Amino acid sequence: LIVGESRKGYRVLERKDDRGCPIGLVLPGDAENWDPFDQRMIGALQKEAARRGRMVLAIGMGKRGAEEVTGELVKARASAVLVNAPDGGLLECLQRAGLPTVLIGTWDGGGRNDSVAQDSFAGAMAAAMHLASRGHARIGWLGYEVRGNTVQVAERFGGAVGGLASVGLRLNEDACLSAPENDVEAAADAAGRLLRLPERPTGILALWQPLAAGLVRAAARMGIVPGRDFEMVGWINGEAYASEYLPLFGGGPPQPAVVWSLGELIGIALARAEERRANPDLPPARLKIPAILRLAP
């Protein structure tokens, strides 16, 4: 409501002046249950917001209704909102409230909202083609259930299927297993079933961070070594590559991973939110950041 100016003291902001107003971030789940990735996302946004002289208001959607969350953002005079919880009702409420909103890390499939996300299709396609180039004809998939899930999940699966099809291969149906989201131990259980198949796949795509961790955990329990007994491709944000992906392999040679930048995603999302605030009539844009296959540290 007020802003400090060098050598001039403080003054009350005009209604149209949003300096000093926070940037909203809506995440799924309750605040007390946010995982390390959620915390990293908050940190990345705080860093970008600080460059603009702003604070961040992070809200957990949890069981709260769209009207309640929107009301809190309006009361705080949020200048813009980044949403990582693909809730159609929330997006409609934010639009009615006139809050510039950008979906981050996902998109709505209907092209009605601005969104910034990883290029899941291209990243998955590159991962699948890499395993094919290594001579693997039997390739497995450890992923999230596509049916009834977000479009990003479908897009990543589609990229893998398309990449293999482009070189005359396909995912083996019996070697495609799903695991609950964001649960490394459940991922390890599913990975164990995959690795115990009578005809174990020689290449495995685990294109979500918890699934890659679960696959390596299951292999270790069975005395199987990634890179020796099978090859894999994981998925990780660049900010966590050294601290969370490389240690999975116990100091040994790491397996390839598709890498993307969380900081880049947040920066582009904020820039788009500012464009939307300056020009509310802009057509919705779906923006992608690179998801690049990294073979070695």
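## Sheets, helices and ring pairs

Ile139, Trp141 and Gly143 point one way from strand β8 while Gly140 and Leu142 point the other way, and all of them are buried. Here, buried means under 20% relative accessible area, exposed means over 50%, and partly exposed lies in between (1.4 Å probe, protein chains only). Strands (E, at least two residues) and helices (H or I, at least four) are DSSP runs numbered from the N terminus.

Before we go on, note that this is a predicted model, where local features need pLDDT of at least 70, side-chain atom pairs count only at pLDDT 80 or more, and totals for chains, interfaces and linings use all residues. Residues are numbered from 1 along each chain as its sequence is written, and side-chain values use heavy atoms, with hydrogens and water left out.

**Strand β8 and its partners**

Which strands does β8 (residues 139-143) run parallel to? One is β10 (residues 203-205), joined to β8 by three bridges, and another is β9 (residues 176-178), also joined by three bridges. Two strands count as paired if DSSP finds at least two bridges between them. Glycine 140 has isoleucine 204 in β10 as its bridge partner, and leucine 142 has leucine 177 in β9. Together, β8, helix α5 (residues 151-165) and β9 make a right-handed β-α-β unit. Right-handed means that, with the strands pointing away from the viewer, the path from the first strand over the helix to the second runs clockwise.

Strands of a sheet pair through backbone hydrogen bonds, either parallel or antiparallel. An open sheet of six strands with parallel pairing has the order β4-β3-β5-β6-β7-β13. Strands β4 (56-60) and β13 (286-289) are at the edges with a single partner strand each, so one side of each has no neighbour in the sheet. From one strand to the next, the twist averages 20 degrees.

Within this sheet, look at β6 (residues 101-104): Thr101 and Leu103 on one side and Val102 and Ile104 on the other are all buried. β6 pairs in the parallel sense with β5 (residues 80-83) over three bridges, and leucine 82 stands opposite valine 102. β6 also pairs in the parallel sense with β7 (residues 114-118) over three bridges, where serine 115 is the bridge partner of leucine 103.

Helix α9 (residues 262-278) lies across β3, β5, β6, β7 and β13, running at about 170 degrees to β7. Such angles run from 0 to 180 degrees between N-to-C directions of lines fitted to C-alpha atoms, for helices over the stretch in contact, with contact meaning heavy atoms within 4.5 Å.

**Aromatic rings**

The structure holds five aromatic pairs. Rings of Phe, Tyr and Trp (its six-membered ring) pair if their centres lie within 6.5 Å; planes under 30 degrees apart are stacked, over 60 edge-to-face, and the rest tilted. Two of the pairs are listed here.

| Pair | Centre distance | Plane angle | Type |
|---|---|---|---|
| Tryptophan 141 and phenylalanine 157 | 5.3 Å | 80 degrees | edge-to-face |
| Tyrosine 241 and tyrosine 245 | 5.8 Å | 25 degrees | stacked |

Tryptophan 141 is in β8 and phenylalanine 157 in α5, so their pair ties together parts 16 residues apart in sequence. Tryptophan 141 counts as buried at 4% relative accessibility, whereas phenylalanine 157 is partly exposed at 27%. Ring pairs also link Tyr241, Tyr245 and Phe249 into a cluster.
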